[in-house]
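Reader: I'd like to learn how to read salt bridges in a model like this one. Can you walk me through a few?

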Amino acid sequence: MDKIYAAEHPARMQWHQLAPEVYKAMVALEIAARKGLDPVLVELVKIRASQLNHCAFCIDMHTKDAIAAGETVERIVQLGAWAESRHFYTEKELAAIEFTEAVTLLTEGFVPDEVYAKAAKQFEEAELAQLIAVIATINAWNRFAVTTRSVPGHYTPGMFKY
């Protein structure tokens with residue numbers, strides 16, 4: 001017996017076509033933010049922020065990009081429970097993931113000093129500035145995708161050139 005899946009919801013709009021200059025600026029920010037950071041670490045950060053923001057489109061995209069960059073399915077699956085699955089990640093990755101959560105969930109308060117200190121211990125200052133930019137950028141992408149109900153499932157790695 002074949003499974004019958006729920007119907008795919010339509011996107012509310014194709015915002016990138018309606019605001020092309022904003023889209024181009026976001027792509028430029030994306031390119032600048034990633035510089036000097038490990039591509040796999042960048043994808044882990046993007047997946048975790050997207051999980052927190054409930055952005056299905058970005059979760060789909062960045063899990064596929066992470067796998068294409070050499071990440072394992074096991075580490076991606078464990079990312080939602082990283083605190084209980086610490087042994088899957090390096091100390092640097094753990095600091096980045098915890099920092100991502102703190103920066104993404106600003107409505108819960110400031111980025112705690114101890115979380116910032118952990119990240120600052122693992123990343124050189126310029127690298128930490130780049131990490132902040134990556135986190136800010138994925139949060140912006142999430143807001144565009146969630147608001148416009150971008151449809152997950154159709155992305156293939158490399159589809160959007162950065």
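Reader: Where do Lys-64 and Asp-60 lie?

Author: Both are in helix α4 (residues 56–68), four residues apart, which is about one turn of the helix. The general idea first: side chains of opposite charge can pair when their charged atoms come close. Keep in mind that this is a predicted model. Here the side chains of Asp-60 and Lys-64 form a salt bridge, at 3.0 Å from N to O.

Reader: Buried or exposed, what are the two partners?

Author: Asp-60 is buried, at 14% relative accessible area, since the cut-off for buried is under 20%. Lys-64 comes out at 26%, so it counts as partly exposed.

Reader: Okay, which side chains does Arg-75 meet in a salt bridge?

Author: Glu-71 is one, at 2.6 Å, N to O. Glu-93 is another, at 2.8 Å, N to O.

Reader: Which residues do salt bridges with shared partners join into one network?

Author: Take Glu-30, Arg-34, Glu-43 and Lys-46: they're linked into one network that way.

Terms used. Residues numbered from 1 in each chain as written. Predicted model: local features only at pLDDT ≥ 70, side-chain atom pairs only at ≥ 80, totals over all residues. Heavy atoms only, no water. Salt bridge = Lys/Arg side-chain N within 4 Å of Asp/Glu carboxyl O. Helix = DSSP H or I, 4+ residues; strand = E, 2+ residues; numbered from the N terminus. Buried < 20%, exposed > 50% of the residue type's maximum accessible area, 1.4 Å probe, protein only.
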